[in-house]
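Work through the exercises below with the sequence and the 3D view open. Try each task before you read its solution.

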Amino acid sequence: MKTLPILFFSLLLWSCAFANHWNIGPTRTYTLPSQIKNLVQDGDTIYLDAGTYLNDATKWTKNKLSFIGLGSGAVLQYSGDIPNGKGIWVFESPGASDNVYIENIIFDGARVSDGDGANGAGIRYQANNITVKNCKFMNCQNGILEGHGSVSTSNVVILNSEFFNNGYELPNDPNYSGYEHNIYISASADTLLVMNCYFHHPRGQGNSLKTRAQRSFILYNLIDEEDNGYGSWELNIAQGGLNIIMGNIIIQGPAGANHGIISYDAATNTLEDFYFVNNTVINKYGGNARFFNISPASGINTFKVYNNIFASVPGASNSMFSANIPASLDTSHNIWGVDYMAFGFTDPSIGDYSLTENALQAINAGTNAGFTNTGYALTPVSMYQSYTSDLKLRSIIGGVIDIGAYEYGTTTGIYENQQLSDISIFPNPFHSTFEIGLRKQLWKDVELSIMDSNGRLVLKKIDHDLKDAYNTAIDVHQFPSGIYFIAIKVDGYHMVKKIVKE
């Protein structure tokens with residue numbers, strides 16, 4: 001499998017020659033989704049007007065249905081136990097409720113009684129193939145709960161979505177088992193793709209993401225337990241499989257239930273290959289913390305951990321591995337930070353873990369992680385900036401990949417500011433001198449840093465007088481020819497540009 005299955009994205013392009021369109025909303029003929037559940041046919045599209053739809057749970061029984069929330073999104077909000085015992089929207093019949101597409105819908109408050117399993121879901125999916133895009137799951141026992149014993153080939157795609165405050169409803173109950181999660185994917189899934197999503201504040205010892213899928217691609221997400229989240233594992237690989245976890249920011253908060261980040265619970269799938277590449281992993285718990293907990297003593301064919309940043313709060317007692325260390329362990333070019341606030345991240349206080357010029361351990365310090373045993377390239381091509389935005393293109397700058405989820409010199413957009421377009425650098429390429437054109441004369445503070453292609457600082461200039469200059473010449477004739485990066489900080493904003501000395 002050299003690329004993700006085309007089926008992932010073909011799910012977004014369904015068409016049906018005789019499909020109907022339905023409009024749901026407070027001013028429409030049908031005011032609740034459940035009113036059309038017996039009217040829709042295979043291939044129909046249901047548009048939901050923006051607004052809140054209270055206590056309306058529906059089991060859908062047709063194939064190739066598309067649901068699209070309009071405007072700011074449709075909110076399906078439930079209070080109390082859901083009578084169907086499963087969830088707000090349920091697709092429970094393989095062959096009769098397959099190939100679902102859901103976009104721009106908020107699922108809020110899914111709950112069923114303890115007698116019904118206490119595992120109410122925003123979406124309970126038991127059929128074949130589902131794509132969820134631009135959705136939000138909040139205050140549910142499970143955000144998405146997927147699986148059916150008779151299904152083994154389902155493809156699950158979750159894109160640009162948010163998961164907040166899901167798990168068992170009693171957030172800090174130490175006696176509860178914590179079987180409810182932001183996402184739970186069973187072994188009925190052949191392939192799971194979770195990309196550009198934001199997980200935060202789990203409750204009730206829930207996992208941020210638990211998967212039993214045969215193949216799981218967990219790419220370019222922000223998974224943050226937050227300061228008051230009370231969850232279990234951030235990632236729970238429940239029975240192995242092929243797992244590609246790449247380009248994520250994964251943060252364990254200070255108050256979680258078991259103080260562990262990634263769990264590998266069993267080795268029972270046909271494939272048993274684990275790839276953990278170019279992630280940024282932060283532990284904020286000050287006690288005994290585990291980065292990987294490996295239950296099986298044997299059976300894991302590949303366990304590759306490359307190009308990751310692992311960082312912590314000072315004074316924590318961190319274990320990279322607990323329980324078992326896989327015999328197949330292959331680690332390379334990972335780095336450890338004892339104080340994540342001093343590592344060189346842009347601004348961890350607001351969740352910006354992109355790199356500054358001070359992250360010298362990480363810049364141009366990675367290695368080529370190669371390919372999976374199935375031929376999937378282990379080189380990240382994107383970077384997370386916000387689940388509401390497109391992923392940022394990741395280009396390798398300086399010829400060697402940086403360690404962690406971000407490439408220095410490729411801005412994530414967090415600190416972008418229109419004023420920085422008033423700065424220019426010319427000529428580029430240059431021979432001995434280049435000029436910085438500030439264009440404006442209103443700057444208060446200007447700071448210039450120049451790094452070589454290995455990320456080493458070769459020149460730093462702090463000059464408050466630059467605010468009054470139109471052009472400023474920088475003489476670097478003594479530098480050898482090659483690629484350099486100039487970081488410009490103007491009144492607290494950052495810009496990085498590549499320059500070339502001939």
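The exercises cover sheets, salt bridges and aromatic rings in a predicted model.

**Exercise 1. The twelve-stranded sheet**

Task: Do the like for the open sheet of twelve strands.

Solution: 
- Step 1. The order reads E1-E2-E5-E8-E11-E14-E17-E20-E23-E26-E29-E32, with parallel pairing.
- Step 2. Strand E1 (21–24) and strand E32 (329–332) are the edges, since each pairs on one side only.
- Step 3. From one strand to the next, the twist averages 5 degrees.
- Step 4. Pick an inner pair. Six bridges join strand E23 (residues 241–246) to strand E26 (residues 272–277), and the two run parallel. Asn243 has Phe274 in E26 as its bridge partner.

**Exercise 2. Salt bridges across the sequence**

Task: How many salt bridges does the model hold? Then examine some of these pairs and say where their partners lie.

Solution: 
- Step 1. The count comes to eight salt bridges. A pair needs a side-chain nitrogen of Lys or Arg within 4 Å of a carboxyl oxygen of Asp or Glu.
- Step 2. Lys59 is in strand E4 (residues 58–59), while Glu92 is in the loop between strand E7 (87–91) and strand E8 (100–103). The partners are 33 residues apart. Lys59 is partly exposed at 30% relative accessible area. Glu92 is partly exposed too, at 25%.
- Step 3. Go on to Arg111 and Glu169, a salt bridge at 3.0 Å, N to O. Arg111 sits in the loop between strand E9 (105–108) and strand E10 (121–125), and Glu169 in the loop between E15 and strand E16 (183–185), so the pair ties together parts 58 residues apart in sequence. Arg111 is partly exposed, at 24%. Glu169 is partly exposed, at 37%.
- Step 4. Now take Lys136 and Glu162, whose closest N and O atoms are 3.6 Å apart in a salt bridge. Lys136 belongs to strand E12 (residues 136–138) and Glu162 to strand E15, so this pair ties together parts 26 residues apart in sequence. Lys136 is partly exposed at 23% relative accessibility. Glu162 is buried, at 6%.

**Exercise 3. Aromatic rings**

Solution: 
- Step 1. A search of the whole structure finds 28 aromatic pairs.
- Step 2. Classify Trp22 and Tyr30. Their ring centres are 6.1 Å apart and their planes meet at 65 degrees, so the pair is edge-to-face. The cut-off for that class is over 60 degrees. Trp22 is buried, at 16%. Tyr30 is partly exposed, at 28%.
- Step 3. Classify Phe163 and Phe199. The pair is stacked, with 4.9 Å centre to centre and 10 degrees between the planes. Phe163 lies in strand E15 and Phe199 in strand E18, so the pair ties together parts that are 36 residues apart in sequence. Both residues, Phe163 and Phe199, are buried.
- Step 4. Widen the view. Phe163 and Phe199 belong to one aromatic cluster, with Trp60, Phe67, Trp89, Phe91, Phe107, Tyr125 and Phe137.

**Exercise 4. Two last checks**

Task: Is Phe217 buried or exposed? And where does the charged end of Lys304 sit?

Solution: 
- Step 1. Phe217 is in strand E20 (residues 215–219). Phe217 is buried, because its relative accessible area is 0%.
- Step 2. Phe217 and Tyr275 are 58 residues apart along the chain, and their C-alpha atoms are separated by 9.8 Å.
- Step 3. The charged end of Lys304 sits over the ring of Tyr306, 4.8 Å from the ring centre.

Terms used. Residues are numbered from 1 along each chain as its sequence is written. This is a predicted model: local features need pLDDT of at least 70, side-chain atom pairs count only at pLDDT 80 or more; totals for chains, interfaces and linings use all residues. Side-chain values use heavy atoms; hydrogens and water are left out. Two strands pair if DSSP finds at least two bridges between them. Helices (H or I, at least four residues) and strands (E, at least two) are DSSP runs, numbered from the N terminus. Axes are lines fitted to C-alpha atoms, for helices over the stretch in contact, and angles run from 0 to 180 degrees between N-to-C directions. Buried means under 20% relative accessible area, exposed over 50%, partly exposed in between (1.4 Å probe, protein chains only). Rings of Phe, Tyr and Trp (its six-membered ring) pair if their centres lie within 6.5 Å; planes under 30 degrees apart count as stacked, over 60 as edge-to-face and the rest as tilted. A charge sits over a ring if NZ of Lys or CZ of Arg is within 6 Å of the ring centre and within 35 degrees of the ring normal.
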